[in-house]
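Hello,

Here is the structure we talked about handing over. Please look through it; notes follow below.

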Amino acid sequence: MRYGIIGTGAIGGYYGAKLAKAGEEVYFLFHSDYDVVCKNGLQVNSCDGDFHLFPVHACQHAEDMPQCDVVLVALKSVNEVLLKTLLPPLLKPSTLVVLIQNGIGVEDDVQRMFPDTSLAAGLAFICAAKTEPGIVDHQAQGSINIGNYSCKDRTVMNNMILEMKAAGIKVAEVEYHEARWRKAIWNMPFNGMTVALDTNTDALLSNPDTMRLIHDLMLEVIDGARACGVSIGHEYADKLIAYTQAMPPYLPSMKLDYDFHRPMEIYYLYTRPIEEARKAGYEMPKLSMLEAELKFKERNR
């Protein structure tokens with residue numbers, strides 16, 4: 001199949017490069033990295049083995065990209081409005097758009113923009129960063145879960161999953177709502193806390209006080225999910241903490257955005273899930289406080 005990558009940072013670059021390395025036809029949309037990638041290709045430094053992709057189907061404008069069977073959107077959710085102009089050139093009636101983005105509610109809003117387009121959630125479990133133009137550093141993990149949001153014809157989705165597996169990507173299909181909330185259980189504590197305390201995941205879990213707070217925040221997300229009809233056991237918090245302790249010290253995406261003076265994904269990572277839980281009758285007091293701290297830091301840096 002033909003793939004389009006919108007948002008070729010660490011996440012889009014990694015999964016797109018894995019597919020291209022396996023022989024799939026992949027077109028990448030670049031902005032600042034375009035000239036570098038055209039000249040030097042795309043380098044992936046990976047814990048699973050480094051590889052170099054050259055030449056690359058690199059495009060500087062969405063209008064230069066062909067219609068695709070699958071579009072992987074790895075834009076930051078703060079740039080969601082850009083999809084109104086970036087997506088249409090890549091779409092045909094059967095195109096599947098996979099939103100590899102953080103937060104709750106992203107598919108709802110994109111579906112309103114494109115009511116007839118098939119959407120799925122992409123939940124990436126990966127430690128990766130783009131450290132230089134055209135270079136992706138993959139430190140750990142790398143799996144991705146796919147949650148079907150509005151895809152009625154499963155042919156494209158099934159083929160995508162098969163081709164991802166053939167490319168060496170660990171992929172599984174999961175129930176959409178549960179998958180979004182399970183990812184939030186990690187994202188909401190760690191993204192905000194690393195910004196608020198100017199630290200990394202390892203330091204948060206090495207200190208008994210902050211580890212207790214991380215655990216409490218996770219339970220708050222789990223209870224919010226339960227209020228919204230998603231049944232997740234409290235023991236999942238312990239599983240996620242053990243999972244994170246096995247990772248190398250890591251700076252989540254929000255921490256990197258803050259450090260590099262980029263807008264933080266506060267709305268879909270905090271505001272929206274807090275609102276959804278509140279509408280279902282559950283308050284998230286600790287996460288609401290963290291949301292307020294993040295908004296303060298955003299406005300005053």
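Accessible areas come from the Shrake-Rupley method with a 1.4 Å probe, and for residues only the protein chains shown count as cover. On that basis the chain has an accessible surface of about 13,000 Å². Carbon and sulfur atoms hold 52% of that surface.

Provenance, briefly. This is a predicted model: local features need pLDDT of at least 70, side-chain atom pairs count only at pLDDT 80 or more, and totals for chains, interfaces and linings use all residues. Residues are numbered from 1 along each chain as its sequence is written, and side-chain values use heavy atoms, with hydrogens and water left out.

Overall shape. The radius of gyration, taken over C-alpha atoms, is 19 Å. A compact globule of 301 residues would have one near 19 Å, so the chain agrees (the rule is 2.2 Å times the number of residues to the power 0.38). Along its principal axes, the C-alpha trace spans about 50 × 40 × 35 Å.

Burial. Of the 301 residues, 54% count as buried (under 20% relative accessible area; exposed is over 50%, partly exposed in between; 1.4 Å probe, protein chains only).

Cysteines. The whole structure has 0 disulfides (pairs of cysteine sulfur atoms within 2.5 Å). For Cys59, the nearest cysteine sulfur belongs to Cys38, 8.5 Å away. Cys59 is buried because its relative accessibility is 7%. Cys228 has a relative accessible area of 31%, so Cys228 is partly exposed.

Best regards
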